[in-house]
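Here's a quick tour of a protein and the small molecule it holds. Take a look at the structure first, then work through the notes below.

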Amino acid sequence: MPSSSKKGRVLSGMRPTGKLHLGNYVGALRNWVALQDQYDCFFFIADWHALTTDYADTSSVKQNSLEVMIDYLAAGLDPERSTMFIQSHVLQHAELHLLFSMITPLGWLERVPSYKEQRENLKDKDLGTYGFLGYPLLQSADILIYQADFVPVGEDQVPHVELTREVARRFNQFYPRKLHAGDRDPQRGMVFPEPKPLLTPSPKLPGTDGRKMSKSYNNTILLSEPEASLRQKLKTMVTDPARIRRTDPGNPDVCPVGDLHKIFSTAETMAKVNEGCRTAGIGCIECKQWASDSLWRVLGPMQERRQKYEANPKLAWDILEEGSQKARSVAEATMVEARDAANLSHEYEAPVQSVVKS
Ligand code: TRP
Ligand code: SF4
């Protein structure tokens with residue numbers, strides 16, 4: 001545990017799936033942005049994790065990583081306060097993953113709920129690979145190599161953080177931390193602290209068809225959605241099905257547009273929607289214009305922030321590289337301890353002399 005004077009450390013990441021949408025923002029990014037003042041934050045792009053399912057075609061992984069980085073910056077992750085990096089540029093993750101693979105029983109990985117689910121959901125891909133089974137173990141390495149205290153994630157990722165805690169315990173048991181003269185932290189008996197999930201409160205964010213917003217449903221509103229296209233998408237968004245005619249009263253609690261208002265609109269607008277919808281005092285067209293206004297109040301400033309990176313993407317890449325360099329030095333410091341604990345330190349040690357009596 002960090003001493004009370006130090007900020008706790010937060011780490012989280014996303015697979016580079018391409019341009020991020022409002023669902024990613026509400027479900028993760030928005031919370032990450034808010035954590036930056038309170039914690040020592042590390043946010044990364046899990047490009048190796050993308051390969052666990054997309055190994056057969058890696059042609060877009062790098063471009064997607066850059067897109068995600070630009071979305072991170074646009075959303076308000078701030079390189080002055082957070083370390084942003086790309087997983088595959090910090091080779092230490094791979095080394096720690098390998099050490100963990102030595103001590104992790106196969107049963108622990110086979111039991112992770114996402115393993116079976118994903119294999120069934122993604123039937124078109126052969127996920128009978130070693131890398132796919134090891135997905136959550138690589139995630140454990142991502143987390144533990146920064147000795148993170150907190151991992152902001154959604155509900156679905158909690159089992160992965162639980163596995164991470166078990167792996168940390170097992171490593172610490174097999175390989176206790178070695179003490180050396182001049183140790184800065186002699187109290188810390190373990191190499192790895194056990195991280196806790198920071199559950200992201202995620203209100204349900206519907207896509208334009210009313211189902212959960214998701215890239216695979218083709219119902220997203222991107223963080224980079226131009227204003228005209230945002231307004232167009234809202235115009236055709238599904239509404240309370242009971243409200244067929246303008247004169248039919250509706251119910252914002254069963255309307256996807258109502259859900260958007262709840263997340264993005266002010267209390268004042270929300271009150272107008274509630275009143276107007278239930279009494280048929282407003283039409284859906286007007287209601288959707290208000291929703292567009294509320295969304296644009298969030299997306300507009302982001303798109304302003306992203307302009308300079310769109311104009312010169314190398315700026316974003318350079319920030320990612322600088323962050324990766326910083327991440328490497330933190331990760332390497334952990335690996336020095338981890339190797340040492342597992343008797344794999346790179347330091348010379350004189351052979352132990354056995355005393356032979358003549
Ligand atoms: N598995 C996470 C996801 O799909 C991404 C991820 C990889 C991650 N490594 C991580 C999240 C470490 C938090 C911490 O969303
Ligand atoms: Fe939905 Fe608004 Fe129409 Fe009510 S008025 S049904 S909340 S779009």
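The protein has 14 helices and five strands; helices (H or I, at least four residues) and strands (E, at least two) are DSSP runs, numbered from the N terminus. It's a predicted model, where local features need pLDDT of at least 70 and side-chain atom pairs count only at pLDDT 80 or more, while totals for chains, interfaces and linings use all residues. Residues are numbered from 1 along each chain as its sequence is written, chains are lettered from A and ligands numbered from 1 in the order in which they are written, and side-chain values use heavy atoms, with hydrogens and water left out.

**The whole protein**

- Along the principal axes, the C-alpha atoms fill a box of roughly 105 × 40 × 40 Å.
- Of the 358 residues, 49% are buried, where buried means under 20% relative accessible area, exposed over 50%, and partly exposed in between (1.4 Å probe, protein chains only).
- Accessible areas come from the Shrake-Rupley method with a 1.4 Å probe; for residues, only the protein chains shown count as cover.
- Take the contacts (heavy atoms within 4.5 Å) with a separation of 6 or more: 78% of them join residues 24 or more positions apart.

**The cores**

- In soluble globular proteins, nonpolar side chains tend to be buried together.
- A nonpolar core is a set of buried Ala, Val, Leu, Ile, Met, Phe, Trp, Tyr and Cys residues joined through side-chain atoms within 4.5 Å.
- The largest one here has 51 residues, and Leu22, Leu29, Met69 and Tyr72 have the most contacts inside it. Helix α3 (residues 61-75) is the top contributor to this core, with eight residues.
- Who does Met69 touch, once you skip its neighbours within four places in sequence? Its contacts are Ile45, Met84, Ala316, Ile319 and Leu320.
- There's also a second, separate core of 38 residues, with Tyr146, Ala148, Val167 and Ala327 among them.

**Helix α2**

- Within α2 (residues 47-54), Asp47, His49, Ala50, Thr52 and Thr53 are buried.
- Those buried residues pack against β2 (40-45), α3, β3 (82-86), α7 (130-133) and α8.

**Around ligand 1**

- There are 13 residues around ligand 1, and Phe44, Tyr135, Gln139, Asp142 and Gln157 come nearest. To be near, a residue needs a heavy atom within 4 Å.
- That shell divides into six nonpolar, five polar and two charged residues. Here Ala, Val, Leu, Ile, Met, Phe, Trp, Tyr, Cys and Pro count as nonpolar, Asp, Glu, Lys and Arg as charged, and the others, Gly among them, as polar.
- β1 (9-14) and α8 each supply at least two shell residues, with α8 giving the most, four.
- A nitrogen atom of the ligand is 2.7 Å from an N or O atom in the side chain of Asp142, and a nitrogen is 2.9 Å from one in the side chain of Gln157.
- An oxygen atom of ligand 1 is 3.4 Å from an N or O atom in the Arg15 side chain.
- On its own, ligand 1 has 360 Å² of accessible area, and the protein covers 91% of it.

- Most residues other than glycine have a negative phi.
- Gln147 has a positive phi, near 50 degrees, and sits in the loop between α8 (135-144) and β4 (150-153).
- Asn218 has a positive phi too, near 60 degrees, in the loop between β5 (196-199) and α10 (227-235).
- Is Asn218 buried or exposed? Asn218 is exposed, with a relative accessible area of 73%.

Terms used. A polar contact is a pair of N or O atoms within 3.5 Å; within protein, one must be able to donate a hydrogen and the other to accept it, and residues adjacent in sequence count only if both atoms are side-chain atoms.
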